[in-house]
Amino acid sequence: MNMTVYDSGDIIIRQGDSGNCMYYILAGKVGVFLDHGTARQKNVAELAEEQFFGEMSLLNQAPRSATVVALEDNTCVQAISRENFKEFCTEYPERVFAIMQQLSERLRTAISG
């Protein structure tokens, strides 16, 4: 599993790109944007340490639904590919539980509007 460090303003993933992994934030903060860099840009979330993003592309191999940008220098994320997701689950069960809790909260928020 790869870990990468980003500076503030670095784009980690781009809306519309293909993807086969998700990311777990080890340090720092990221912004999740729709239509990043356009007049219609919308900041839909800020995520920090122990949160994740990119899970939809990992699970269904659809194009990225948003652009994610590092908001702080030294933002460190761990890429989790489809191939090493099982290993991640075995090595970090507490992180998997946290991901499940966050997915549940995101779903609850989406349903309640």
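Reply: Start with the order of the parts. From the N terminus, the elements of the chain run β-β-β-β-β-β-α-β-β-α-α. That makes three helices and eight strands. Keep in mind that this is a predicted model.

Now the overall form. The C-alpha trace spans about 45 × 35 × 25 Å along its principal axes. The radius of gyration is 14 Å. A compact globule of 113 residues would have a value near 13 Å, so the two agree. Of the 113 residues, 36% are buried. Contacts tell a related story. Take those with a separation of 6 or more: residues 24 or more positions apart account for 74% of them. The chain exposes about 6,800 Å², and carbon and sulfur atoms supply 50% of that area.

Next, the charges. The chain has 10 positive and 15 negative charges. Their mean positions are 8 Å apart. Side chains of opposite charge can pair when their charged atoms come close. How many salt bridges does a search of the whole structure find? It finds two.

Take the pair between helices. R106 and E55 meet through their side chains in a salt bridge, at 3.3 Å from N to O. R106 lies in helix α3, residues 93-112, while E55 lies in helix α1, residues 55-60. Are the two partners buried or exposed? E55 is buried, at 12% relative accessibility. R106 has 29% and counts as partly exposed. The cut-off matters here: buried means under 20%. E55 is under that limit because its value is 12%.

Stay with helix α3 for a moment. Q102 also has its place there. Q102 is buried, with a relative accessible area of 15%. Which residues does Q102 touch, leaving out those up to four places away in sequence? They are E50, Q51 and F52.

The other bridge joins D35 and R40. Their closest N and O atoms are 3.4 Å apart. D35 sits in the loop between β4 (29-34) and β5 (42-48). D35 is partly exposed, with a relative accessible area of 24%. R40 is exposed, at 62%. The backbone of D35 also deserves a look. Phi of D35 is near 55 degrees, a positive value in a residue other than glycine.

N74 has a positive phi too, near 65 degrees, and is likewise not glycine. N74 is in the loop between β7 (67-70) and β8 (75-81). At 53% relative accessibility, N74 counts as exposed.

E87 has its place in helix α2, residues 85-91. E87 is partly exposed, with a relative accessible area of 40%.

R106 pairs with E55 at 3.3 Å. D35 pairs with R40 at 3.4 Å. Then move to the loop between β4 and β5 for D35.

Technical notes. Residues are numbered from 1 along each chain as its sequence is written. This is a predicted model: local features need pLDDT of at least 70, side-chain atom pairs count only at pLDDT 80 or more; totals for chains, interfaces and linings use all residues. Side-chain values use heavy atoms; hydrogens and water are left out. Helices (H or I, at least four residues) and strands (E, at least two) are DSSP runs, numbered from the N terminus. The radius of gyration is taken over C-alpha atoms; the globule rule is 2.2 Å times the number of residues to the power 0.38. Buried means under 20% relative accessible area, exposed over 50%, partly exposed in between (1.4 Å probe, protein chains only). Contact means heavy atoms within 4.5 Å. Accessible areas come from the Shrake-Rupley method with a 1.4 Å probe; for residues, only the protein chains shown count as cover. Lys and Arg count as positive and Asp and Glu as negative; His and the chain ends are not counted. The place of a charge is taken as NZ of Lys, CZ of Arg, CG of Asp or CD of Glu. A salt bridge is a side-chain nitrogen of Lys or Arg within 4 Å of a carboxyl oxygen of Asp or Glu.
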